[in-house]
Structure formats: structure tokens, C-alpha cells
Amino acid sequence: MSKTSALAAVLLTIISTSAFAKSTLTLYTSQPNDDAQMTVSAFEKAHPDIEVKWIRDGTTKLTARLQAELAAGGAAPDVLLIADSVTMESLKQQNLLAPYKSPQAARFDTQLYDKDGYYYGTKLITTGIAYHSKAPVKPTSWQDLLKPELKNMTTLPSPLYSGAAQIHQATLMNDPALGWHYYEKLKENGAMPQSGNGAVMSAIASGSKAYGVLVDYMAIREKAKGAPIEFVFPKEGVSIVTEPVAMMKNAKNPQAAKAFIDFVLSDEGQKLVLQQGYLPADGNLPVPVGFPPRDSIKLMPFDAAKALADTEANKKRFADLFGNR
């Protein structure tokens, strides 16, 4: 082979290798492992030029890890997909997120994303009322849990342990018909906090409590498996956890991060949410099996910035009322 031919072969190899080289996207997510793998696999299929390296943990632990990495000057993720908007609002206020105006957001209710593009809700996990199928009263309203005939029958997740419970508490604080007065009445009627939503579900399914404040998908999935549990979306409305997605300010691969945000908000990404059994943030899509019609689910207003500012005061007041449960 001539020197010219050899050089041409080397150049061809370099060009070919470059053409198929993948960029790397680092994702931190609090999604359950199976859901996270489905999300990553679908994204990589849609973007074969991007390889996703992902780490999964609870939102609180991921946030602590992120803060430690940043303090040490180490590597950080490109994109976050974590449980709640209050955590995202905290990261925004710490100047750790980068704004990105996704073209996909036009299809979404404005209360589901940050107006400046710092984070976007990807699904709706609502908190409503679950009850045992043999419970004496079939509730339709938050006020039903205050009825004398339900005394000592109700449980609820504690905002001292559960992020969804924190958001639920902050949401109810902004409703003049509920607020702290409602929590005081729950206490008077013998409501007993549990650590988190899983404990509430177990208490209702086992029959040790007849009623509970619970996230929707837990009750609906357990009912589908044959558990004696029902779920209702109260007529006043439900609080929502939105599992938002955001790009880090110091993302090493901002273009891939933007592509990921666009994907989870896209029609394909939202249909994946539906396939996973959650209510998609895109109001144009149907609801999962076991859910009522979307137009029968009323979402209560929520202000993430106010909730963040009030978090410690709300938790203290809850602890003073119910104890450190």
C-alpha cells in the first residue's frame, strides 16, 4: 500500500469514528429504577448520538450529593429529573440552574413550569383521599375527614418526612376554607400521622385505619392488584407533585440537556409517563387505567417560591400540633 493510500485509510477511519462518536449526558433522577431505565432507554433510542449516564436516589439524598459535589469542586450532572418543584425552586434561588425555554412547554398549563424556564413539571402526582373499601362513609370532600363518625379513623403522611406531604400542606395553607384550621380540626378528630405515603397505604389496606391522605398512584395500583382500597379526588381539588426536569447551570453538555428536557416534555415522552402509570402533565393526553376523567380532577393552585419560604415554619407548626411523627 502506498503512503498516500495508507494516509487516506487513516483519515477515513478517523472521520468514521468521529461520525459515530457519542456525547455523554449525566442525569440525576429520583424516578424509581424501572421508570428511570425506561426513560433513559427511550431517550437514547430517540437520540442515538447521546449516551446517558444516570444516578438514581431519593430527592433529598440526590440534593445532598449535588451540594457536596459542588462544594468540593467535583463533577456535577447535566440535568435533573427529581420529585418536586420546591426543591427545584431552592436550586434556582441558589443560582445552580440554567434557564431554557423549551418549545414543548406551549402545550402545558403555565402552573406546571417555571415562567423563566428554570424547571418544567413532567407529570402530575396528586394527593387525595384513600379509604378502605368497607369504610362506613364514602368521602367526596376534604371536609368529610372532619366528620364525628370518622373520629380516630384517619391517617396522613407527615411533612416532616415526606416531600409530597410538605407540598400538600403548603397547598392547603393557601386555601382559606382549609389552612391551619383544617389541620387543627383533623387533630381534634383523632387523625394520626404516619412517616410517609407508603405507611399510610399499608394502614388503610390492612384495615388499621379506614381513611388516609395519600398520593393517587399508590392507591390506584394497589386496588388493581386486589387490595381493599379506594381513592377519591376531593371536589375542592388536589395538591400536585410534578417531578420537574431542569438543566444545571454548569452542565458540561447543555445541548444534550436541552434535548433531554424537550424529550420528556414531548408527545413521545409524555406517552411514556402514561405507560408508566402516571397522569401526564400534557393535558391533551388520556389518563392511566383506574383514573377518573381528567376534567373531573381539579388541581389546587400552588406557589413553589412561597412554599419554599414557608417550609420550616410549616414543619415546625405541624410538629407542634401533632408531635415529631
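Start at Tyr217, where UniProt, in an unreviewed entry, places the feature "binding site". Keep in mind that this is a predicted model.

**Stop 1: the helix.** Select residues 216–224. This is helix H8, and Tyr217 lies in it.

**Stop 2: the contacts of Tyr217.** Which residues does Tyr217 touch, not counting residues up to four places away in sequence? Show Ile125, Gly277 and Tyr278. Contact here means heavy atoms within 4.5 Å.

**Stop 3: the two domains.** Domain 1 takes 23–123 + 242–291. Domain 2 takes 125–239 + 299–322. The contact draws 15 residues from domain 1 and 16 residues from domain 2.

**Stop 4: the interface.** Between them, domain 1 and domain 2 bury about 1300 Å². Of that area, 68% is on carbon and sulfur atoms. How many salt bridges does the rule find across the interface of domain 1 and domain 2? It finds zero. For polar contact, the rule finds one residue pair across this interface, with both residues at pLDDT 80 or more.

**Stop 5: the domain 1 side.** Select residues 85–93, helix H4. Helix H4 gives the most to the side of domain 1 that touches domain 2, with five residues. Now colour that whole side by residue class. Its residues divide into five nonpolar, seven polar and three charged.

**Last view.** Return to Tyr217 in helix H8, and keep Ile125, Gly277 and Tyr278 displayed as the residues Tyr217 touches beyond four places in sequence.

Conventions:
Residues numbered from 1 in each chain as written. Predicted model: local features only at pLDDT ≥ 70, side-chain atom pairs only at ≥ 80, totals over all residues. Heavy atoms only, no water. UniProt positions renumbered as here; feature names shortened; annotations may be inferred. Helix = DSSP H or I, 4+ residues; strand = E, 2+ residues; numbered from the N terminus. Domains from an automatic or database assignment. Buried area = accessible area lost by both parts, 1.4 Å probe. Salt bridge = Lys/Arg side-chain N within 4 Å of Asp/Glu carboxyl O. Polar contact = N/O pair within 3.5 Å; in protein donor to acceptor, adjacent residues only side chain to side chain. Nonpolar A, V, L, I, M, F, W, Y, C, P; charged D, E, K, R; others polar.
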